[in-house]
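Please look through the sequence and the model below before reading on. The report that follows takes up strands, cores, a pocket and a few backbone angles in turn.

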Amino acid sequence: MTAAGLIFSNIHDECLPELTRHRTMASVPFGGRYRLIDFPLSNMVNSNITKVGVITHYNYQSLLDHIGTGKDWDLARRSGGIKLLPPFISAFDSKGTPSLYHTRLEAMLGVMNFISRCDEDVIVLSDCDAICNIDLRDVIKYHERSGADITIVTKRVRSASAIAARQWIVNADDNGNIYEVAEYTKGLCDEAEVSTNIMVITRSYLQAILLDASAHGYTHFFNEVILKNIGRANYRAYRYHGYYANISSISGYFDCSMSLLDANVRNALFRQENRAVYTKVRNSAPTTYCDGAKVTNSVVADGCVIEGEVENCIIFRGVKVGRGTKIKNSILLQDTYVGQNVSLNCVITDKNAIIRDSRVLSGHESMPFFIGKGIMV
Amino acid sequence: MYKKKECVAMLLAGGQGSRLYALTSKLAKPAVLFGGKYRIIDFPLSNCVNSGIDTVGVLTQYQPLLLNDYIGNGLPWDLDRNYGGVKILPPYQGKDRADWYRGTANAIYQNIQFIKQYDPEYVLILSGDHIYKMDYAAMLAAHKRNNADCTIAVIDVPIEEASRFGIMSVNDDGSVWKFSEKPKNPDSTKASMGIYIFNTKKLLSYLEEDEKNPNSENDFGKNIIPAMLGAGERMFAYPFSGYWKDVGTIKSLWEANMDMLGADPALVLNDDKWRIYARHYAQAPQFISKDAEISNCSITEGCEIYGKVKNSVLGVGVRVLEGAEVVDSVIMSGATIDKNAVVKYSIVDSFAYVGEGATLGADRAEGVEVAVVGAGVNVAAGENVPQGAMLYGEW
């Protein structure tokens, strides 16, 4: 079965307002050197999907900058490759005021052209707030074998706090037939099989439901398509057992980032045989650890100069940490500059933040202190 | 078909680098790993791109497989161009002759057709033996300003080392009046860096002349430059004062790696205005464990550090496991230092494995030599590799 990919770059932006003020969910920096879109893109490339549409909405300058021609993912191709799909607004909208899409279904309606010009058998959908390293070939094989119209990749989540509000719970029988989907609300259950929003859809079926939705004015994919057709269409759940994290808040971002300090998580994400995670190459020099630097239990990217103490941190590319500074349990995004004798605990700094000498800042694990892009403290 | 280029660079990358022994047993010297994530050739290639020179012929001969693969289509250096870009130029079978490159001048001579395709005014000759950051555009501007036929980049070296280099004696206006290759009694400290800019017409005529001389060694330093100087061509020295290091020996390669350490290093690679580009392989960021101890190091992506690392340069994906100790060493990409191994004053080449509890080298001191472990070598657990040892790899 041949497959094309479709990535939603803005879905769930509102969950992470701090980090998406200047960028899409897709371009939220993660894990020292990545952006969230690197995960779905790499998953697709590593599963031989080389035609990928990226649906954008707003704030997508950072995304364009990150993707470039797509060559860092080997997606700069004559045939296929990466296609950025900006919002489509007709100047002659019959409904009067033209507006951007609000839902997944509307977003897909906006890229009908891309979908109908694909000649692949299936379309693989993915959001950017799902962090995992999954072999989609297995999902596609499962989809083909079961003759499904839609296969939803689901993951067992074992604590209520790890399930995001409005995440979909997918219940399927032992054969994978989905018999129920429901929107999660707090208190509903403590443990559930949730949708990762990675889906494989037979292309002809996707076209049919989009036409139907267009005709009936449907806007919501789960409510108005999946729910209505359960029992009639062949919907399957593919239970995924590997590492998966969904980022649904700034504290969730913090937790998920910090989980990279666990070797099992790093191995599950970054050390899968033949399934590397690709990202934009920045050509940073290696990181310099100066005399007097003390770094422990941290993930550090290249291009940093570290003269102070760093413990339990995620340090992105090009960060400078001055002499006498102590940083604990913090996430410092690209090119953050931390002066001398600074003390930081549970702080997230966005790109290009500047912390001047002798500042003392602290948040809490449950509420990390956030310093916005380019802000000087 | 081809657009005219003002200046074409020819990069001599065929050298064996025999004084690097195990490090060049399977690859050409320009492909030797440097500084954690680079290969030596990244420096001249990046300098070219940063200087606005977008057409580079890379002349390969000795063990070219890895170099060919590494350069590929030139994408990492932005040298994947429709017109120009980087081209690999191996020796080839011609209509009347098939020959290896017999010398630096002969290598260029055999590729005159390549140069002519672009009809350049100037040809820049480079070698893949040095670590330095240099603006060739400034040198070219000086060449034009002097209305020169040939400009040679020179650097001041200590007088006691001058007899290792080609030495220029220079007039006040920068013109060269004498050139002596490795003189016993040097009368100047201006050493040739092996970087030349020629006016294309002059270069081609001297190359053709040189080729007719059966006694010539077909070498720029020994033959072409003296011939041009003897004929009274306008030859100028271009003084360069930044970091420059010949990494042709184990010792100098080790030193150059160490020059990137510290907050204020002699060799600044963390430079947004003059980046050194390299081919990247998707690697996770580095991880420093809670028991790791790191001081005065350069560490790069993919590394996992559980042990102690001091005064060292670690390449991509190096693993230093629990209890291991690495001091004053260069560990190249993909190498593993297993538990409780001790590595001192050594160079460990790519994908070598140092077994549990093995010891390598000795404390750095007067009379102690660098121990070298070649690519892919497996040092058995508990083994003791003495200082100055040279272990060759099988692959």
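Which residue stands opposite A:Lys328 in strand 24 of chain A?

## A parallel sheet in chain A

The model is a predicted one, and in it the residue that stands opposite A:Lys328 in strand 24 of chain A is A:Asn345. This pair belongs to the contact between strand 21 (residues 326-328) and strand 24 (residues 343-345) of chain A, two strands that run parallel and are joined by three bridges.

Both strands take part in an open sheet of five strands in chain A, where the order is 15-18-21-24-27 and the pairing is parallel. At the edges of this sheet stand strand 15 (294-296) and strand 27 (360-362) of chain A, and each has a single partner strand, so that one side of each is left without a neighbour in the sheet. From one strand to the next, the twist averages 5 degrees.

## Parallel strands in chain B

In chain B, strand 15 (residues 293-299) pairs with strand 17 (residues 308-314) in the parallel sense, over five bridges, and B:Cys297 stands opposite B:Ser312 of strand 17. Strand 17 of chain B also pairs in the parallel sense with strand 19 (residues 325-327) of chain B, over three bridges, where the bridge partner of B:Lys308 is B:Glu325. A further parallel pairing, over two bridges, links strand 17 of chain B with strand 20 (residues 330-331) of chain B, and there B:Val313 has B:Val330 as its bridge partner.

Four bridges join strand 4 of chain B to strand 1 of chain B, with the two running parallel, and the bridge partner of B:Ala9 in strand 4 is B:Val56. Strand 4 of chain B is also joined by five bridges to strand 5 (residues 85-89) of chain B, again in parallel, and B:Leu59 stands opposite B:Leu89 of strand 5.

## Nonpolar cores and a covered helix

The largest nonpolar core has 76 residues, and those that touch the most other members are B:Met134, B:Ile195 and B:Ile347. The element that gives the most to this core is helix 8 (residues 250-258) of chain B, with five residues. Apart from this core lies another one of 66 residues, among them A:Phe30, A:Val124, A:Tyr244 and A:Ile250.

When residues up to four places away in sequence are not counted, the residues that B:Met134 touches include B:Asn47, B:Ser51, B:Ile195, B:Phe240 and B:Trp274. One of these, B:Asn47, is among the buried residues of helix 1 of chain B, a helix (residues 42-50) that is mostly covered, with eight of its nine residues buried. The buried residues of this helix also include B:Phe43, B:Leu45 and B:Val49. Just after helix 1 of chain B, B:Gly52 takes a positive phi of about 80 degrees.

## The largest pocket

How many residues line the largest pocket, and which of them lie nearest its centre? The lining is made up of 48 residues, of which B:Lys29, B:Asp129, B:His130, B:Lys182 and B:Asp246 lie nearest the centre. The space within this pocket is about 1500 Å³.

Several elements of chain B give two or more residues to the lining, including helix 3 (104-109), strand 6 (122-127), helix 7 (220-230) and helix 8. The element that gives the most to the lining of the largest pocket is strand 11 of chain B, with four residues.

## Two loop residues with positive phi

Most residues other than glycine have a negative phi. In chain A, A:Asn352 has a positive phi of about 60 degrees although it is not a glycine, and its place is in the loop between strand 25 (347-349) and strand 26 (354-355). A:Asn352 counts as partly exposed because its relative accessibility is 36%.

In chain B, B:Tyr21 has a positive phi near 45 degrees and is likewise a residue other than glycine. Its place is in the loop between strand 1 (7-12) and strand 2 (33-34) of chain B. With a relative accessibility of 42%, B:Tyr21 counts as partly exposed.

Definitions and conventions. Residues are numbered from 1 along each chain as its sequence is written. Chains are lettered from A and ligands numbered from 1 in the order in which they are written. This is a predicted model: local features need pLDDT of at least 70, side-chain atom pairs count only at pLDDT 80 or more; totals for chains, interfaces and linings use all residues. Side-chain values use heavy atoms; hydrogens and water are left out. Buried means under 20% relative accessible area, exposed over 50%, partly exposed in between (1.4 Å probe, protein chains only). A nonpolar core is a set of buried Ala, Val, Leu, Ile, Met, Phe, Trp, Tyr and Cys residues joined through side-chain atoms within 4.5 Å. Contact means heavy atoms within 4.5 Å. Two strands pair if DSSP finds at least two bridges between them. Axes are lines fitted to C-alpha atoms, for helices over the stretch in contact, and angles run from 0 to 180 degrees between N-to-C directions. On a 1 Å grid over the protein atoms alone, a cavity is a set of points where a 1.4 Å probe fits but cannot get out, and a pocket is an open set with protein on both sides within 12 Å along at least five of seven lines; lining residues have an atom within 4 Å of a point. Grid points are joined across faces, edges and corners, and a volume is the space filled by probe spheres set on the points.
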